Amino acid sequence: MTRARVRDLGITIGDLPTGGFNAITDVPGVLVGHTTVIKDDPVVRTGVTMITARDNQIWDDYAFCGWHRFNGFGELTGIPWVEESGLLGSAVGITNTNQVGLVRDTLVKYAVAAGHKEPFHLPVVSETDDGWLSDIDAFAVTEEDAHAALVNAASGPVEEGNVGGGTGMLCHEFKGGIGTSSRIVETDLGHYTVGVLVQANYGERRHLRFDGMPVGRLIGIDKVPAAGDDDTEGSIIVVIATDAPLIPTQCQRLAQRATVGVARVGSIGRDGSGELFLAFATGNSIPAGTAKLHRLEMLPHPLMNGMFEATADATEEAVLNALCAAETMTGFKGRTAHAIPLDPVREMAAAR
């Protein structure tokens with residue numbers, strides 16, 4: 001079976017147009033890189049994904065940033081300073097739960113070696129738990145892996161599914177992983193791009209919906225065995241980027257709207273699920289280390305409605321793209337996470 005994106009199945013989420021790649025990289029200057037780590041001794045299915053902005057000049061030209069915690073059973077480093085300053089001054093890393101520290105330290109070492117201006121660095125790194133398919137205690141991601149994901153980050157189409165940090169992840173008891181989408185928002189002041197990337201590793205089968213269709217209930221475990229155990233809660237990380245001139249409070253408001261997108265697909269914010277959302281905006285330039293007065297632009301609050309719609313729709317589609325792109329994988333202890341079958345979804349969409 002050939003894997004696809006959700007639009008290839010005849011499903012269009014929302015009314016807004018997508019960018020050219022329908023990916024977070026449609027936001028000018030946003031780059032994505034993956035390192036995928038697959039080994040059989042020990043059995044590991046893991047990796048790291050990096051998102052960086054301003055063509056990786058984010059270290060010296062900060063972006064306004066905000067975040068939202070839908071449910072907090074997870075890790076997102078650097079958040080105290082994001083909350084205090086409203087600024088993002090690093091790439092954003094996503095990996096497995098046990099290797100957040102390694103990825104965070106790799107970003108600090110990168111910044112120091114590259115001679116970036118600030119005397120200290122508090123990079124943002126998050127995680128989801130791939131321990132069902134991967135021996136998470138093997139600590140298989142290396143500093144070299146994390147560094148490669150950053151330096152190889154690029155614009156253009158973004159690989160989805162079993163790649164990077166999403167390699168060993170589950171989603172609604174199917175195989176999950178990385179997904180992305182974007183939207184173009186037309187306003188009276190011009191048009192802006194909103195891009196979303198998710199690492200999807202959460203959810204119950206019975207809650208899964210594709211554009212409102214109860215796909216999870218119609219593809220039961222009698223047809224496709226469930227991945228995960230009864231106590232497998234999982235998590236989802238959502239990273240939102242835009243080129244709109246937003247201030248930190250508006251970035252926080254944008255991050256909150258990712259909740260709408262994941263809820264449409266089927267998240268209820270389970271107790272053991274880390275559902276953490278980060279939004280950054282490159283529409284203002286904030287040079288690091290300067291003592292000069294900044295002159296900023298701010299999108300009027302009433303024009304945020306289009307940005308909210310774009311975020312909700314792109315988040316929903318990014319999760320569905322992660323599901324559609326992911327392939328069946330066998331890993332730790334011989335466990336198998338099955339890909340969601342696409343033909344039944346296509347048939348449901350055609351029958352509506």
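This is a predicted model: local features need pLDDT of at least 70, side-chain atom pairs count only at pLDDT 80 or more; totals for chains, interfaces and linings use all residues.

Which residue stands opposite Asn71 in strand 12? The residue opposite Asn71 is Glu275.

- Six strands form an open sheet in the order 4-3-12-11-10-9, and their pairing is mixed.
- At the edges of this sheet are strand 4 (87-88) and strand 9 (177-187), each of which pairs on one side only.
- Strand 3 and strand 12 are joined by 10 bridges in the antiparallel sense.

**The β-α-β unit and strand 6**

- A right-handed β-α-β unit is made by strand 5, helix 2 (residues 100-113) and strand 6.
- Strand 5 (residues 92-96) and strand 6 run parallel and are joined by five bridges.
- Within this pair, Val92 has Val124 of strand 6 opposite to it.
- Strand 6 (residues 124-128) is mostly covered, and five of its five residues are buried.
- In a regular strand, side chains alternate between the two faces of the sheet.
- In strand 6 both faces are covered: Val124, Ser126 and Thr128 are buried on one side, and Val125 and Glu127 are buried on the other.

**The nonpolar cores**

- The largest nonpolar core has 57 residues, and Phe210, Met307 and Ile340 touch the most other members.
- At least two residues of this core come from each of several elements, including strand 3 (61-72), strand 12 (274-287), helix 5 (248-265) and helix 7 (342-351).
- Helix 6 contributes the most to this core, with 11 residues.
- Apart from this core lies another of 41 residues, among them Val30, Cys65, Ala111 and Leu150.
- Leaving aside residues up to four places away in sequence, Met307 touches Val185, Tyr192, Val194, Thr242, Ala244, Leu246, Leu254 and Leu299.

**The largest pocket**

- The volume of the largest pocket is about 540 Å³.
- Its lining consists of 28 residues, of which Asp229, Asp231, Thr232, Glu233 and Gly234 lie nearest the centre of the pocket.
- Strand 6, strand 7 (170-171), strand 10 and strand 11 each supply at least two residues of this lining.

Note on methods. Residues are numbered from 1 along each chain as its sequence is written. Side-chain values use heavy atoms; hydrogens and water are left out. Buried means under 20% relative accessible area, exposed over 50%, partly exposed in between (1.4 Å probe, protein chains only). Helices (H or I, at least four residues) and strands (E, at least two) are DSSP runs, numbered from the N terminus. Two strands pair if DSSP finds at least two bridges between them. A crossover is right-handed if, with the strands pointing away from the viewer, the path from the first strand over the helix to the second runs clockwise. A nonpolar core is a set of buried Ala, Val, Leu, Ile, Met, Phe, Trp, Tyr and Cys residues joined through side-chain atoms within 4.5 Å. Contact means heavy atoms within 4.5 Å. On a 1 Å grid over the protein atoms alone, a cavity is a set of points where a 1.4 Å probe fits but cannot get out, and a pocket is an open set with protein on both sides within 12 Å along at least five of seven lines; lining residues have an atom within 4 Å of a point. Grid points are joined across faces, edges and corners, and a volume is the space filled by probe spheres set on the points.
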